[in-house]
Amino acid sequence: MPQTVVISRDARVDFFRGLALVFIFIDHIPDDVLGDFTLHTVGFCDAAEVFIFLSGYSAGLYYGRAFHRSDFIHGEALLLRRIWTLYTAHIFVFMIYTAAVSYTIEVFHNPMYSEELEVGDFLTSTHVVIVKALLLQFQPAYLDILPLYIVLLALQLVLMPLALRYPLALLVPSAVVYLVVQIWGWPNLSAYPEDRTWYFNPFAWQFLFCLGVALGLGRLIERRLFPHDRRLFMVAVAVVLISAVIKLSWTLHWHFDDIPALLIGWLEPISKTNLAPLRLINFMALALVVEWMVLPQAQFLATRPARAMIACGQLSLNIFCLGILLSVTGHFVLVEFGSGLVMQAVVNGCGISAMVATAYFIHWFRRVERRSPATKAGAKRAVDEE
Amino acid sequence: MRLWLRVGRVATAMVTGILFLIEVGSPVAADPVPSVADRCAPPPDLVATESAFPTLADRLRQKQPMVIVAIGGASTLGVGPMAQSYPARLEVELSRRYGASNIRVINLGVARETAIKMLRRLSDDVLPLKPQLVIWETGTNDAVFGVTLDDFAQALKDGLGLLKAAGIDVLLMDMQYSRGSAEVINFERYMETMLGVAEVGDTRLFRRYAMMKYWSESGVFDFDGPTAGRQELVAQIYECIARRVADVISPPEP
């Protein structure tokens with residue numbers, strides 16, 4: 001058994017993952033005013049990158065440790081169990097989403113919107129759609145991140161055991177596949193209905209996830225993948241600042257015609273589906289800057305709002321699913337009851353509060369369970385696995 | 001930022017709503033002709049102040065013949081009689097504004113088509129008609145069927161390039177709004193894509209969605225109301241859209 005370092009949870013990972021979950025909740029509500037104050041306003045990347053990267057990092061830390069400590073089969077079993085949990089969560093969210101759409105389609109029927117009503121196609125061809133949903137091929141808006149996460153984690157069944165000693169080796173095939181997608185725009189997995197592909201192309205996004213995994217694995221064996229180099233840091237800062245200025249000008253341009261959208265003709269299109277290099281570079285630079293500037297023992301991480309985000313980040317799957325359902329509900333409320341400032345404040349306030357309250361509740365419940373000897377092991381596992 | 005725009009919009013919406021109620025409530029509101037026009041004024045931030053197509057406006061003023069092609073989906077084709085569709089109403093409206101009889105608006109709407117399918121028709125069906133202006137309504141089916149944003153953007157770009165190369169002016173048009181459709185379809189990503197492509201390609205985008213949303217929120221129209229009176233609602237909407245499109249070509253005198 002190789003020697004690995006004992007690592008306590010890094011509060012920064014949980015904090016930023018929690019923050020990403022809140023951003024994903026906000027960004028998923030169309031027309032949300034707060035949507036102008038999330039990451040994508042000042043960056044080419046958005047909360048999706050943060051979520052996928054930090055999920056990879058946590059996976060590297062947790063499953064990597066399992067592979068190091070116990071045998072291969074046990075590590076694989078843990079990964080499989082996690083994949084299964086994600087899968088059932090996806091199916092659960094799908095059920096609720098379907099119910100919401102069925103209800104709306106049932107109520108809303110206007111000949112003027114004949115094409116819009118086609119979205120209800122899946123209500124008339126339920127037999128096909130259910131199979132497609134089980135195969136992760138049916139991905140309406142909101143239901144596209146979990147399938148990606150599932151596939152990326154499944155990939156680690158093969159990659160992670162091979163990369164335990166040499167995390168960098170993981171990145172070689174990963175980068176090759178990523179480059180192939182960038183150059184040829186191919187391959188991507190197929191989706192439903194026919195001719196569609198995945199919104200998040202797993203062949204592209206796997207690179208970001210693998211970067212996270214490799215960094216997590218590297219941490220276990222105390223190997224830094226990026227040197228602590230001042231010049232690298234300065235470059236990253238420059239990338240983050242320049243991206244922020246350019247992207248902010250685009251954001252402002254949508255609201256005020258007079259402000260020019262800098263370089264938009266040169267930089268567009270920036271594919272989210274294929275994780276365009278600009279998004280990836282912007283995100284990695286941002287991650288580097290944050291990692292450097294925010295220390296694990298930073299004061300602000302102990303404040304109340306930060307602790308709330310950490311609580312959410314530690315329960316990322318639960319809170320992610322809840323966030324999706326809250327987005328759907330929030331959007332419904334804004335459309336039905338007006339999207340004035342008061343309603344916006346109510347929807348965002350209630351949504352974020354519900355996420356935090358749920359996180360605290362689950363934590364409390366797990367603490368209670370941990371006190372009972374019979375469930376001690378299970379509760380410990382549940383906290384670490386996230 | 002958008003916050004204040006929104007405050008302004010909500011305030012205007014409320015005022016418009018109140019004015020509308022007063023108008024409906026008062027027995028004096030008997031003038032039948034301008035009722036529709038008065039009702040469907042555009043939201044303040046979408047008022048056309050100068051022509052987006054000055055050359056076309058000149059042409060119209062000089063009473064030269066004009067061919068406009070409206071290509072799009074079901075909402076271009078129109079529900080009910082063809083004469084009621086927005087392209088047909090646009091022809092009537094432009095002819096009225098310029099007192100001309102040689103303006104033709106050709107309706108090439110086909111239901112259920114995505115931008116990629118329309119792209120093919122642009123070269124096969126639209127170019128041979130040698131129009132001066134093409135109004136390209138798209139995005140609805142792309143959002144409904146979940147076409148990849150990259151593919152959608154590429155189709156738009158190719159289409160705009162094709163028309164520009166042929167020296168034809170283009171007006172892009174986005175989706176229709178109703179609370180019901182907004183709840184089940186995520187149009188936002190597709191609308192942002194259209195905005196982006198229009199911006200990069202220096203093309204005018206007719207923001208139908210924002211306009212109809214404004215009418216819905218200010219209580220001018222209820223697209224999700226009871227089934228009775230739907231036919232009339234449809235006719236009024238097409239009339240309103242036609243007038244607002246006409247504004248883009250020839251804005252009303254202030």
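## Parallel sheet of chain B

In this predicted model, B:A70 stands opposite B:I135, a residue of strand 3 of chain B. The two strands concerned are strand 1 (residues 66-72) and strand 3 (residues 133-137) of chain B, which run parallel and are joined by 4 bridges.

Both strands belong to an open sheet of 5 strands in chain B, with the order 2-1-3-4-5 and parallel pairing. Its edges are strand 2 (103-109) and strand 5 (204-206) of chain B, each of which pairs on one side only. From one strand to the next, the twist averages 20°. In general, the strands of a sheet pair through backbone hydrogen bonds, in either a parallel or an antiparallel manner.

## Helix pair in chain A

In chain A, helix 2 (residues 47-69) and helix 3 (residues 72-107) have axes that come within 7 Å and cross at roughly 155°. Angles over 145 degrees count as roughly antiparallel, and helix 2 and helix 3 of chain A are therefore roughly antiparallel to each other. The crossing of helix 2 of chain A with helix 3 of chain A is right-handed.

On the side of helix 2 of chain A, the contact is made by A:Y63, A:A66 and A:F67. Helix 3 of chain A contributes A:F72, A:H74, A:G75, A:L78 and A:L79. By class, the residues of this contact between helix 2 and helix 3 of chain A comprise 6 nonpolar and 2 polar, with no charged residues.

## Contact between the chains

Chain A gives 39 residues to the contact between chains A and B, and chain B gives 43. On the side of chain A that touches chain B, at least two residues each come from helix 3, strand 2 (196-197), helix 9 (230-255), helix 10 (264-267) and helix 13 (316-337) of chain A. This side of chain A has 20 nonpolar, 11 polar and 8 charged residues.

For the complex, the predictor gives an ipTM of 0.77 and a pTM of 0.82.

## Confidence in chain B

Chain B has a mean pLDDT of 84, with 85% of its residues at 70 or more. Where in chain B is confidence lowest, and where is it highest? The lowest mean, 47, is in helix 1 (residues 2-25) of chain B, and the highest, 97, is in strand 3 of chain B. Strand 3 of chain B is also the strand that holds B:I135, opposite B:A70.

Over residues 14-34 of chain B, pLDDT stays under 50. For these residues the model has 9 contacts beyond four places in sequence.

Key: Residues are numbered from 1 along each chain as its sequence is written. Chains are lettered from A and ligands numbered from 1 in the order in which they are written. This is a predicted model: local features need pLDDT of at least 70, side-chain atom pairs count only at pLDDT 80 or more; totals for chains, interfaces and linings use all residues. Two strands pair if DSSP finds at least two bridges between them. Axes are lines fitted to C-alpha atoms, for helices over the stretch in contact, and angles run from 0 to 180 degrees between N-to-C directions. Angles under 35 degrees count as roughly parallel, over 145 as roughly antiparallel, 65 to 115 as roughly perpendicular and the rest as oblique. A crossing is left-handed if the near helix is turned anticlockwise from the far one by less than a right angle, and right-handed if clockwise. Two residues are in contact if their C-beta atoms, placed from the backbone, lie within 7 Å. Ala, Val, Leu, Ile, Met, Phe, Trp, Tyr, Cys and Pro count as nonpolar, Asp, Glu, Lys and Arg as charged, and the others, Gly among them, as polar. pLDDT is the predictor's confidence in each residue, from 0 to 100.
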